[in-house]
Amino acid sequence: MALAEKVTSPRLFVQAQTRWRPAEIVFWLATLLPYVLFPNYLSLASQIAIAGLFALSLDLILGYAGIVSLGHAAFFGVGAYTAGLLSKYGWGEPLTGLAAAALAAGIVGYATSFVICRFRHLALIMLTLGFGLLLAELANTLGWLTGGMDGLQGIHTWKLLGIFRFDLYGRAAYAYALAVLFVLFLFARRLIHSPFGLSLRGIRENFVRMPAIGAPSRAHIRAIYTIAAALAGIAGALLAQTTETVSLDSLGFERSAEVVVMLVLGGTGRLYGGLVGAIVYMIARDQFSGIVPQYWYFWIGILLVAVVMFLPNGILGGLAKLSRWSRP
Amino acid sequence: MLPPIVGVLFDGLAYGMLLFLLSVGQSVTLGMMNFINLAHCSFAMLGGYITVALMNRYGVPFFDTLPCAFVVAALVSVAFERTLFRRLYRAGELDQVLLTIGIVFISVSIAAYVFGTDQQPLQLPGYLRSSITFMGIRFAIYRLVLLGLALIITLALVLGIEYTRFGARVRAAVDNERMARGLGINVDRTFAITFALGSGLAGLGGALAIEIVGLDPSFAFTYLVYVLIVVSVGGLGSISGSFAAAIVLGISDVAGKYYIPQLGAFLIYLVMISLLMWRPLGLLGRR
């Protein structure tokens, strides 16, 4: 990499990484376009923002710390049910709802992280899968609390900041989801480019050697797993508040698989990978489901095989490669 | 007279044997070749649909459809192995998981397209549907047949890998691929045959499973979880480990559903997580 040759001190390296690139500014300005260009698709846009936040939270553990999780929807679901239940039982204020969801999902994440940090490879995948299934089964069993198969009914979200009402067109919903996404993205970006983020990447590359240079692998994994769980919980809460319903599939295996697909489609370990993946995936689903809804899975399958075979680093990885080629 | 718990144990054992038949192929491919094949149950589902289609559309007897299920699943899996899976033997687990989960998605859609989303009816011959009563407990003939088949397959696999020339080639290719190539072993072909064997066994397991668990397009997903549990709890590459794990999980699942039905599938997941935390390499895992 040309960058690494020029940069001599670690401080300069971190600074060079954190600098805002023009493409990033254009990307965030473009997220405002739906208000002008597609005012009828704002509820889809808010769902994309939520999915993007969820994929971003997975990227923190999968892309940066190398923890392959097939049960990340567990935290999404915990957040969604926390916000939903709070609102159902009389407290529908959105922002405190988000905080409560982050707290609940973070606590569950912290509790499971003690197990997660001790395993690698297949056992780790199986444990994340097992925890996800266990939680989904628990929500199903506690039908009196969660509404079981029928979903959680009777959620009412209050006005945002006491001013903006969540309407059918999703104007407030998109602004709300986008603002939350942007703030949390800034947080994730800061985190990834900190020394802590760098040592996470070290752990991804070599779990055993990092403690030897003074980075405690297990403590770092516990920390990032808890943070990722809290972010996923916030994404779940956003979905619960903007759609005013929570169903069992917010915890299910399909959602866990879906978010992995989004992230890999966009490119792992790139911060923007989850966001780009969410945009492409959600728009494709919206379009394909319009034609033949029941065969949407066929196209996801084809997409997955194609990405693994031809685009090993996702869309963003492919673009980066293209831009390197085009340069002399 | 035997106490009723013997009946529960027998049903659990038969269910465990079913899980074993479904997962033994996965144990071979995952343990021997280090390839995480989440599409394993798609091959099992293929075997199941072959049996149903042959019996219901062409009137082929049940036992004659079983070899067909084995052969078709094996052949289809080899086609996939040669074109797609082979390139990922050295890739990370994430790539393998993604590719094979993509194939699961595709297979579920195709099954729904060809056969519809309903449960497939299966009419077994009369002598298989009867049962014998021994000391006050009824033992279904079909479950006894399952038990017998599973025991025969376990024995054949363990002996085959341990004592035949082909088994020795497989072990050599897994332990040190370059050295095995140097000794003139055709590693590619060895892996392809191993893979075909594993998927063929899945097809056979799928065909045998329909009578007990039914068959619809979600089969590939539902039983994938069980297969992964059996394989990872049993220990990678350990056939006797999978056998033990399948029995433990089968009995705890059936017993849980008999005695504490409100827990549902909760128990089997709990058993899996505790076993994995106690022994992350599986009950009889070596590496």
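The model is predicted: local features need pLDDT of at least 70, side-chain atom pairs count only at pLDDT 80 or more, and totals for chains, interfaces and linings use all residues. Residues are numbered from 1 along each chain as its sequence is written, while chains are lettered from A and ligands numbered from 1 in the order in which they are written.

**Helices and strands**
- Chain A has 16 helices and zero strands, where helices (H or I, at least four residues) and strands (E, at least two) are DSSP runs numbered from the N terminus.
- In chain B you will find 12 helices and two strands.
- Following chain B along its sequence gives the pattern α-α-α-α-α-β-β-α-α-α-α-α-α-α.

**Overall size**
- Chain A has a radius of gyration of 20 Å, which agrees with the value near 20 Å for a compact globule of 328 residues; this radius is taken over C-alpha atoms, and the globule rule is 2.2 Å times the number of residues to the power 0.38.
- For chain B, with 287 residues, the radius of gyration is 19 Å, in agreement with the globule value near 19 Å.
- Along the principal axes, the C-alpha atoms of chain A fill a box of roughly 60 × 45 × 40 Å, and the C-alpha trace of chain B spans about 60 × 45 × 35 Å.

**Burial**
- In chain A, 49% of the 328 residues count as buried (20 or more other C-beta atoms within 10 Å of the residue's own, with C-beta atoms placed from the backbone).
- In chain B, 47% of the 287 residues count as buried.

How values were computed: A residue is buried if 20 or more other C-beta atoms lie within 10 Å of its own, exposed if 12 or fewer, and partly exposed in between; C-beta atoms are placed from the backbone.
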